[in-house]
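Welcome! Please take a moment to look over the sequence and the 3D view before reading on.

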Amino acid sequence: MTQAMIHQENGVFPAVCPLDCPDTCGLLLHKENGKIVKVTGNPDHPITQGAICNKVRNMAHRVYHPERVLYPLRRVGPKGEGAFERISWDEAIQEITGRYKKLIEEHGSESILPYSFYGNMGILSVDGMDRRFFNRLGASRLKQSICNSAGNEGWKSVMGFNGGTVPEDTVHADVIIVWGGNIVSTNMHQVVLAEKARKAGAKVVVIDVHKNQTGQWSDWFIPLFPGTDAALAVGLMHIMFRDGMVNEEFLRQYTLGHEALREHVKDYTPEHVSSITGIPVGDIEKLADLYGRADTSYIHIGNGLQHHDNGGLTVRSIAALPALTGQWLKRGGGAAKSNGGYNSMDSDALERPDLRPNPNARTINMNRIGEALAMTEQPIKSVFVYCSNPLVVAPDTGRVREGFAREDLFTVVHDLFMTDTAKYADILLPATSSFENTDLFASYWHQYIQLQEPVIPALGESKSNVELFSMLGRAMGFTDPTFHETEEEMMARALDFPDNPYLNGVTLDKLKEHRHVKLDMTPLETFLDRLPTPSGRIELYSAQLEQAGLPPLPTYVPLKEGYDGVRRGRGHKYPLMFISPPNHNFLNSTFANVDKHQKLEKEPALQIHPEDAEERGVEDGDMVTVYNDRGTYEVRAKVTDKMLPGTVVSQGLWWEGEGRKQRANALTPDRLSDMGEGATFFSTVVEVKRH
Ligand SMILES: Nc1nc2c(c(=O)[nH]1)N[C@H]1C(S)=C(S)[C@@H](COP(=O)(O)OP(=O)(O)OC[C@H]3O[C@@H](n4cnc5c(=O)[nH]c(N)nc54)[C@H](O)[C@@H]3O)O[C@H]1N2
Ligand SMILES: Nc1nc2c(c(=O)[nH]1)N[C@H]1C(S)=C(S)[C@@H](COP(=O)(O)OP(=O)(O)OC[C@H]3O[C@@H](n4cnc5c(=O)[nH]c(N)nc54)[C@H](O)[C@@H]3O)O[C@H]1N2
Ligand SMILES: [Mo]
């Protein structure tokens, strides 16, 4: 099959979308004369159902983009400038392994740090051969906490594992709350499912700090001050207990700590919650009534609201809500944050931590990469970046840039494009697109495992992550057969994992035949009886959190930088809160260099409330500088009342512009969240001035 697809000049071939997005779509690639000319959604994929987003419909344009890096390159100009010369793969590999051997001898293996995220969600690409290589090398480890770790920990503190309501069931809900997620842009097939529910009479409520595309689509949009969602969640509990909306039998049978919670929420009166969140008392009462009296209610917990100092406790507080009315007994009721827990595979077989010569190697938090590169004791001497673009996506990019500019830092970047980060590389290696690879895909939202086999040959001299890291392993002289394994062998190992009952029956043979295979979801029917929390129950009260010095019950803790319960404003050096969530046409910083996608987004913009604009003499369309003690961001003002005064919003992670300071993350903090050591991008204060 593999060879067949590559060599067939014309036809329609199955594929998988590799982007870091919950929908993990099944695709069809249309080939003419050996080239992909069109990308469409696979109508046979039960979630995709033939519909895909604009980004991916244009994917062929990115795959064949004239600026794709096709050969190994060596930097010839200053770091950051982008001047490179072509070298051979032999030279590149020799240089890397030569430098690594010397570094290990002189500074120890932990002087080398891999820096990666999920630019390609293929399991073999980012949780496979790469891990084997860095484990065997004994490199420093990376804590991959830039995306969802605060929220995942918050969720797990209640439910024990990353699993919640499954997508198809949400059509049965009669109230759907999208809380801190912009699903029209970031999870479009959940919108399709919610539309089905809506046709059957469901109400869709969106709770967000600005009226994003999803807020505009909803039946009821509720704006609130950033980072105050936990107060709202506990305020809803206050009313639900007060007015007897709770399911006492469910609380007794399945939860821990409901009596303590009942007492605790008494402090969160609607008036108090209103003063924290900015939501009128009447709306808080109305929402509690709608949610608490619904027959079947579903809460979609987005990623946005956990990119805060208090992100873990916020998600924890929301995750506790469905238990109050026993929603977990209803089909389509409950909540979901991430469903990645259903599809866990044999990661030890894939990543081989046993190969590590130094099991106690240090771990560097990726949110603190700037600080890590400035360490003078046991300094990091080399970074290997792949599937990520830290110069754009990591917080406090001023510090990140300083780190990458270090003359003595040996930097290797493997990517499809000369990203802002790649410009700082000593060696830049060409990566294949996922349509050129074999890989295995699982979604962190739906329950279909998918297989990708190459549809076109590798462009130029580009290599997949699997090829690259097995080649590097062999060139380092690592003799373990693991560096010779084929993709098929790796996939078979990953899937052979009896520890996860949901994976039962998902085999490589079935994947080859059907392309997508559904997990066995029968264990879900009895999941409440086997919750992997310490008590085996839904933990409204968590002794584990208490031991860690955190509030054991759902609690609102104000941000370290931002709203402090009182509206900020005059008198504060930085009176505005700056929120920089993803935009519709980029995928994090991916596509931000592609003309088609740039045109759709036009340019970086700042949404600012008319009151805040007037105070600063800013008019719609003016160029403004957004600034704080960390840096500056130059954008065009868009005066709009889509958020409450005091909050400004800039969507999208743009690359460096021509002569312009275009980085949202120049302003964001590298503090870590309350749980999971997560990123706190949105707990940022700024001031805005006209040019
Ligand atoms: N088109 C597109 N799709 C994507 C991505 C992309 O870049 N572009 N990125 C992908 C990735 S990696 C991820 S993690 C997901 C993220 O997608 P989502 O889960 O939708 O999360 P975000 O878009 O980060 O933020 C969603 C919303 O949270 C809001 N928000 C910020 N602070 C608060 C707060 O304190 N309270 C509340 N209630 N809301 C708040 C923001 O204004 C934003 O509208 O999307 C994935 N899909
Ligand atoms: N201000 C602010 N910052 C944020 C966020 C935010 O909302 N606001 N969101 C955060 C979140 S949720 C996330 S997940 C991160 C995401 O940040 P990143 O994971 O860095 O995501 P991308 O910017 O998409 O960069 C992925 C890179 O991987 C490359 N790539 C793709 N496929 C392959 C491959 O097969 N091999 C190799 N070697 N490279 C490949 C792409 O070309 C691209 O350059 O950003 C975070 N940063
Ligand atoms: Mo993410």
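## A predicted model

Keep in mind as you explore that this is a predicted model.

## Asparagine N187

Let's start with N187, which sits in the loop between α8 (183–186) and α9 (188–199). Is N187 buried or exposed? Its relative accessible area is 2%, and buried means under 20%, so N187 counts as buried.

Which residues does N187 touch? If we leave aside its neighbours within four places in sequence, N187 is in contact with P22, D23, H300 and W445. One of these, D23, also makes a polar contact with N187: their side chains are joined at 2.7 Å.

## The second largest cavity

Now let's turn to the cavities. There are two cavities of 30 Å³ or more, and the second largest cavity has a volume of about 50 Å³.

What surrounds this space? The second largest cavity is lined by P14, A15, V16, G26, L27, N42, H45, Q450, L451, R515 and H516.

## Where the lining comes from

Three strands each supply at least two residues of the lining of the second largest cavity: β1 (11–16), β2 (26–32) and β19 (448–452). Which of them gives the largest share? That is β1, with three residues.

Definitions and conventions: Residues are numbered from 1 along each chain as its sequence is written. Chains are lettered from A and ligands numbered from 1 in the order in which they are written. This is a predicted model: local features need pLDDT of at least 70, side-chain atom pairs count only at pLDDT 80 or more; totals for chains, interfaces and linings use all residues. Side-chain values use heavy atoms; hydrogens and water are left out. Helices (H or I, at least four residues) and strands (E, at least two) are DSSP runs, numbered from the N terminus. Buried means under 20% relative accessible area, exposed over 50%, partly exposed in between (1.4 Å probe, protein chains only). A polar contact is a pair of N or O atoms within 3.5 Å; within protein, one must be able to donate a hydrogen and the other to accept it, and residues adjacent in sequence count only if both atoms are side-chain atoms. Contact means heavy atoms within 4.5 Å. On a 1 Å grid over the protein atoms alone, a cavity is a set of points where a 1.4 Å probe fits but cannot get out, and a pocket is an open set with protein on both sides within 12 Å along at least five of seven lines; lining residues have an atom within 4 Å of a point. Grid points are joined across faces, edges and corners, and a volume is the space filled by probe spheres set on the points.
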